[in-house]
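Here are some notes for a first look at this structure. Please keep the model open while reading them.

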Amino acid sequence: MNPVAVIGTGQTRHTRARDDASQADLVREAASAALTDAGLRPDDLDAVIISNMELFEGRLHPELWVGEAAYATGRPCLKVATGGTSGTSACIAGFHQAGSGAFDLVLVVGFEKHSEGHTQTGMALTDPFWDRAVASGAVGNFALSISQYMAARGVTERQAAQVAVKARHNAARNPHAHLQMPDLTVEQVLESRMLAHPLRMLDMCPQSDGAAAIVVASAGATRDMATPAAWVHAASTRHDQPYLGDLDRRMATMEALRSAAAEAYSKAAIGDPLSDIDVAEIYEPVTYAELAWYEALGFCPEGEAGRLIDEGITSMEGTLPVNPSGGVLSTNPVGASGVIRVAEAAAQLMGRAGEHQVPGAATALATGYGVYAWSDVIVMRSEEP
């Protein structure tokens, strides 16, 4: 793949229910903001990619419904739906479209309007037999995997609660974030309603309405525009088998994420992730997942994820700030969540992250995660490869 870069990002205001906007309105809001950020007009675009989990709204072929709002009229348009990784998969598709020479400027826009559908029902449709009764949806199967992870690594409920506090405090500095809770305490997380042991209400991500977009440019187009850019140095993807019962200790092993990270780090010459990466936007739908991903992404040796959160190493003031935006724990319109990870990482490299900017960020990591152990890993830098 030839070099490509992200040259513009845009997001809506994310919240529980955007009753003021249709699905198409959300898409147009994010797409328009990304074009403005890149200094482009809609006529400049060559192609459009849309990511959305259509099961959640119960509407087939959403690209036909919102394509016009994404400026896709008269242009090649591709829809991507790969579960939680939909957004990062769409971004990677955009990287390849621009890197192949097929197009110079590609708009990637992801959206979800959970308030107009039923997410649990959509997820239950994926397995009509065994998993439907014991592990359908996010809460049940995460509770099973987290219990195995806690037994294997010894992480505690308090350490998971610290992840929740870090995320919601960071989100308070992000004007787009859904859950902004600057005064949240560990005790409040531990006292929140039990959903399925050990998962509590404040351990889980919300369901959000919202959209996010990025503009991907070929190397030539990026150089011609001479604007700040986030250059893609590596993008790797892995999908594991979809039957959860066959995955051995899923969160403790997480082979898909480990394999994708190993390939991406090799391509981007990342030797020590904790010191080589300046900021990370990782897809953590639940607090315990962030701890497990620390190990799978090589931020620490096995069994030391709890130490990273105890010592503040992944806080805004730490060695490697993780999720300055507040992460998926604070904002989760699923079809857009992966795009948000890439947009936030790119904004950090372009110095446009506002009050949650990490000073001097030059290397950024973004990941995507699907509940069936699907993983995307992207490394970007402020310098061209």
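1. Start with P333. P333 is buried, with a relative accessible area of 0%; the cut-off for buried is under 20%. Note that this is a predicted model. P333 sits in the loop between α15 and α16 (334-349).

2. What surrounds P333? Setting aside neighbours within four places in sequence, P333 is in contact with H14, E112, H114, S208, D209, G210 and I340. H114 deserves a look. H114 and P333 are 219 residues apart along the chain, yet their C-alpha atoms are separated by 7.0 Å.

3. Move on to α16, which packs against helix α4 (residues 86-99). Their axes come within 6 Å and cross at roughly 60°. The two helices are therefore oblique to each other. On the α4 side, G87, T88, C91 and F95 make the contact. On the α16 side, the residues are G335, G338, V339 and V342. By class, the contact of α4 with α16 has four nonpolar, four polar and no charged residues.

4. Next, compare the packing of helix α8 (residues 157-171) with helix α14 (residues 287-296). These two pack at an angle of about 100°, with their axes 8 Å apart. They are therefore roughly perpendicular to each other. From α8 come E157, Q159, A160, V163, A164 and K166. They meet T287, Y288, E290, L291 and Y294 of α14. This contact of α8 with α14 includes three charged residues, alongside six nonpolar and two polar.

5. Is α8 enclosed or open? Eleven of its 15 residues are buried, so α8 is largely enclosed by the rest of the structure. The buried ones are Q159, A160, A161, V163, A164, V165, K166, A167, R168, N170 and A171. The cover over them includes α9 (186-190), α14 and α15. In length, α8 reaches 21 Å from its first C-alpha to its last, close to the 21 Å expected at 1.5 Å a residue.

6. Now the largest nonpolar core. In soluble globular proteins, nonpolar side chains tend to be buried together. Here the largest such core has 55 residues. Y288, L291, W293, Y294, L297, F299 and L365 touch the most other members. Several elements give two or more residues to this core: α7 (137-153), α8, α11 (250-253), α12, α14, α15 (305-310), β10 (363-370) and β11 (374-381). Of these, α14 gives the most, with seven residues.

7. Leaving aside neighbours within four places in sequence, L291 is in contact with Y149, V155, Q159, A160, V163, A305 and I309. There is also a second, separate core of 36 residues. Among its members are I49, F95, A235 and A345. F95 also belongs to the contact of α4 with α16.

8. Finish with helix α12 (residues 255-268). This helix has 14 residues. From first C-alpha to last, α12 reaches 20 Å, close to the 20 Å expected at 1.5 Å a residue. Which residues of α12 are buried? They are A256, L257, R258, A260, A261, A264, Y265 and A268. An α-helix has 3.6 residues a turn, so residues three or four places apart point the same way. After α12 comes A269, whose phi is positive, near 60°.

Definitions and conventions:
Residues are numbered from 1 along each chain as its sequence is written. This is a predicted model: local features need pLDDT of at least 70, side-chain atom pairs count only at pLDDT 80 or more; totals for chains, interfaces and linings use all residues. Side-chain values use heavy atoms; hydrogens and water are left out. Helices (H or I, at least four residues) and strands (E, at least two) are DSSP runs, numbered from the N terminus. The expected span of a helix is 1.5 Å times one less than its number of residues. Buried means under 20% relative accessible area, exposed over 50%, partly exposed in between (1.4 Å probe, protein chains only). Axes are lines fitted to C-alpha atoms, for helices over the stretch in contact, and angles run from 0 to 180 degrees between N-to-C directions. Angles under 35 degrees count as roughly parallel, over 145 as roughly antiparallel, 65 to 115 as roughly perpendicular and the rest as oblique. Contact means heavy atoms within 4.5 Å. Ala, Val, Leu, Ile, Met, Phe, Trp, Tyr, Cys and Pro count as nonpolar, Asp, Glu, Lys and Arg as charged, and the others, Gly among them, as polar. A nonpolar core is a set of buried Ala, Val, Leu, Ile, Met, Phe, Trp, Tyr and Cys residues joined through side-chain atoms within 4.5 Å.
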